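Here's a structure to get to know, one piece at a time. Have the sequence and the 3D view open side by side as we go.

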Amino acid sequence: GRVRCFFGPQSSSSSSPRKIPVMPPKKKEEVVAGSVDTDFQKTDSGASMTVPVQAGNVKKGSIVLLEGAPCKVESVSTSKTGEHGHAEGTIIGYDIFNNKRYEDACPTSHNMEEVDVTRDEYTLLNIEDDGHISLLDASGEEKTDLKLPEELDFDKKLSEGIQALFSSGESTTIVVQKGMGLEKVVDFREERD
């Protein structure tokens, strides 16, 4: 028979029950293994490199994701409880790799991501003309995939200090900061015996 649809109130003179049209199920498409052209590339989302932390528990000096960048928190301020019952926090931080300023405002009850950051020490073996460095870790493995930093004024001074100490013949320890799949030389010192 005929299907009738009613949108809105039914008139009291109509005694027939409300009927809703039923759509036939869609046909399933058959996919034969190997017939679909796919090109997947493995990427690291960074999720395993972070742990959740409530925004209200973030402290100065913590390293959290602000707009997707790992940032060292410079300041945290909290506003009083608003109309909807949530206090709002404003977090200001600087990217740990390029020193760019980021700011985020969110309810203090919401979760943020705290970044797992490590600092590893290496012995400097060599500095190439193009700035690539050869490093040796504590287990004797060589690392050759880093360059001396040169992005910021601070980086240039750091690189000059490393080159000067290394050129003087002193054994040099390099400190490499790692977080969110990124690495950067952040400090150095004369190697201790």
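Which residue follows α1, and what is its phi? That residue is Gly169, and its phi is positive, near 90°. Before going further, a word on the ground rules: residues are numbered from 1 along each chain as its sequence is written. This is a predicted model, so to speak of local features takes a pLDDT of at least 70, side-chain atom pairs count only at pLDDT 80 or more, totals for chains, interfaces and linings use all residues, and side-chain values use heavy atoms, with hydrogens and water left out.

Now the overall layout. The chain has one helix and eleven strands (DSSP runs numbered from the N terminus: H or I of at least four residues for helices, E of at least two for strands). Reading from the N terminus, the order is β-β-β-β-β-β-β-β-β-α-β-β. Of the 193 residues, 28% are buried (buried is under 20% relative accessible area, exposed is over 50%, and partly exposed is in between, using a 1.4 Å probe and protein chains only). The chain exposes about 14,000 Å², with carbon and sulfur atoms supplying 48% of that (by the Shrake-Rupley method with a 1.4 Å probe; for residues, only the protein chains shown count as cover). Take the contacts between residues at least 6 apart in sequence: 46% of them join residues at least 24 apart (a contact is heavy atoms within 4.5 Å).

Let's go back to the helix. α1 covers residues 153-167, and its 15 residues reach 21 Å from first C-alpha to last, close to the 21 Å expected at 1.5 Å a residue (the expected span is 1.5 Å times one less than the number of residues). Its buried residues are Asp155, Leu158, Ser159, Gly161, Ile162 and Leu165. They sit on the same side of α1 because they cover an arc of only 160° around the axis (the arc of the directions from the helix axis to the C-beta atoms). On the face turned away from that side you'll find the exposed residues Asp153, Lys157, Glu160 and Ser167. The cover over the buried residues includes β7 (118-127), β10 (172-179) and β11 (182-190).

Pick out Leu124 in strand β7. Leu124 is buried, at 6% relative accessible area. Beyond its neighbours within four places in sequence, Leu124 is in contact with Ile133, Ser134, Leu135, Ile162, Phe166, Thr172 and Ile174. Its C-alpha is 10.0 Å from that of Glu170, 46 residues away along the chain.

Next, move to Leu66 in strand β2 (residues 63-66). With 0% relative accessibility, Leu66 counts as buried. Setting aside residues up to four places away in sequence, Leu66 touches Cys71, Ile91, Ile92, Gly93, Tyr102, Asp104 and Met112. Glu67 lies in the loop between β2 and β3, and is exposed, with a relative accessible area of 62%. Although Glu67 is not a glycine, its phi is positive, about 55°. Met180, in the loop between β10 and β11, also isn't a glycine and has a positive phi, near 55°.

Last stop: the largest pocket, with a volume of about 360 Å³. Of the 18 residues lining it, Asp95, Ile96, Phe97, Asn99 and Gln177 are the closest to its centre. β3 (69-78), β4 (88-95), α1 and β11 each supply at least two lining residues. (On a 1 Å grid over the protein atoms alone, a pocket is an open set of points with protein on both sides within 12 Å along at least five of seven lines, where a 1.4 Å probe fits; lining residues have an atom within 4 Å of a point. Points are joined across faces, edges and corners, and the volume is the space filled by probe spheres set on them.)
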